[in-house]
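Student: Could you walk me through the bonds, strands and cores of this protein? I'd like to go through it question by question.

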Amino acid sequence: GLLIGECHQTYMVPEAEAEDDCDGPLTAELIDLGGLNLESPEKGSYTITYEAVDAAGNGTQQPFTVQILDTIPPVISQCALSRTLSLTPVAGQVSFPMPDFESRMILISDACDPVVALTVEQSCPPGTPVTLDAAELPAEHWFDITVSDTSANATVCQARVTVVDATAPVITLNGVTPSNVQYPDTCANLT
């Protein structure tokens, strides 16, 4: 038979019993865990073996398969920090490559896999060209960051990039035309 457990969660081995023609019901003893760590089992398949012996010393062994799975998604304890881009519009638009948020201060963990085995992806991949009309600034762009483990469990959080106009305003004087003013050659001529 197949028994199921969750990785890194204490596995409780079920009790087993046997039936004997002469002795009736017998308790079956667990004699081999097949490498299964009951306190913190790793993902994988294990064969555990039970044995029952009757009063006459006749014994039998029965193996069972224990499948330790990972069904719990990774934990995102801090999503990527928001980022603000100050850009200068060109021809009424701003263009930029999407920043890399996959490695930007995201704190993740998983019950079964080490952090280095987790996959982090953003819905708008790093380097993707983005173009916005300058009239829409400031603009917020939200996107998903997905963290997946090696068992295809996934968790999603949202991050934000804000784009602001970095161009300073230009001041002009209304109704005044520039003119040339001539000064005397020396300061002595000033009155």
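Tutor: Let's start with a charged pair: the side chains of Lys43 and Asp113 meet in a salt bridge, N to O 3.1 Å. A salt bridge here is a side-chain nitrogen of Lys or Arg within 4 Å of a carboxyl oxygen of Asp or Glu. Keep in mind that this is a predicted model, where local features need pLDDT of at least 70 and side-chain atom pairs count only at pLDDT 80 or more, while totals for chains, interfaces and linings use all residues. Residues are numbered from 1 along each chain as its sequence is written, and side-chain values use heavy atoms, with hydrogens and water left out.

Student: How many residues apart in sequence are the parts that Lys43 and Asp113 tie together?

Tutor: Strands (E, at least two residues) and helices (H or I, at least four) are DSSP runs numbered from the N terminus. Lys43 sits in the loop between β3 (24-32) and β4 (44-53), and Asp113 in the loop between β9 (107-109) and β10 (119-122), so the separation bridged by this pair is 70 residues.

Student: Is Asp113 buried or exposed?

Tutor: Buried means under 20% relative accessible area, exposed over 50%, and partly exposed in between, using a 1.4 Å probe and protein chains only. Lys43, at 31%, counts as partly exposed. Asp113 has a relative accessible area of 9%, so the label is buried.

Student: Which side chain meets Arg160 in a salt bridge?

Tutor: A search of the whole structure finds two salt bridges. Arg160, partly exposed at 24%, has a partner at 3.9 Å, N to O, and that partner is Glu140.

Student: Where do Arg160 and Glu140 lie?

Tutor: The pair ties together parts that are 20 residues apart in sequence. Arg160 is in strand β13 (residues 154-165), and Glu140 is in strand β12 (residues 139-148).

Student: What is the sulfur separation in the disulfide of Cys7 and Cys112?

Tutor: The rule calls a pair of cysteine sulfur atoms within 2.5 Å a disulfide, and the count comes to two. Cys7, in the loop between β1 (2-6) and β2 (16-20), is 105 residues from Cys112, in the loop between β9 and β10. Both cysteines are buried. The sulfur atoms of Cys7 and Cys112 are apart by 1.2 Å.

Student: Which handedness does the link of Cys79 and Cys157 have?

Tutor: This disulfide has an S to S distance of 2.0 Å. It links Cys79, in the loop between β6 (75-78) and β7 (83-87), to Cys157 in strand β13, 78 residues apart. With 70° about the S-S bond, the link of Cys79 and Cys157 is right-handed.

Student: What is the strand order in the open sheet of four strands?

Tutor: Two strands pair if DSSP finds at least two bridges between them. Here β10 and β12 pair in the antiparallel sense over four bridges, and Glu121 stands opposite Thr146 in β12. The pairing in the sheet is mixed, and the order is β7-β13-β12-β10.

Student: Which residues have the most contacts inside the largest nonpolar core?

Tutor: Such a core is a set of buried Ala, Val, Leu, Ile, Met, Phe, Trp, Tyr and Cys residues joined through side-chain atoms within 4.5 Å. In soluble globular proteins, nonpolar side chains tend to be buried together. The largest core has 25 residues, and those with the most contacts inside it are Phe101, Leu132, Phe143 and Ile145.

Student: Which peptide bond is cis?

Tutor: Most peptide bonds are trans, and most residues other than glycine have a negative phi. The cis bond has an omega of about -5° and involves Pro138, whose place is in the loop between β11 (129-133) and β12. The bond joins Leu137 and Pro138.

Student: What phi does Ala152 have?

Tutor: Ala152 is in the loop between β12 and β13 and counts as exposed at 67% relative accessibility. Although Ala152 is not a glycine, its phi is positive, at about 70°.
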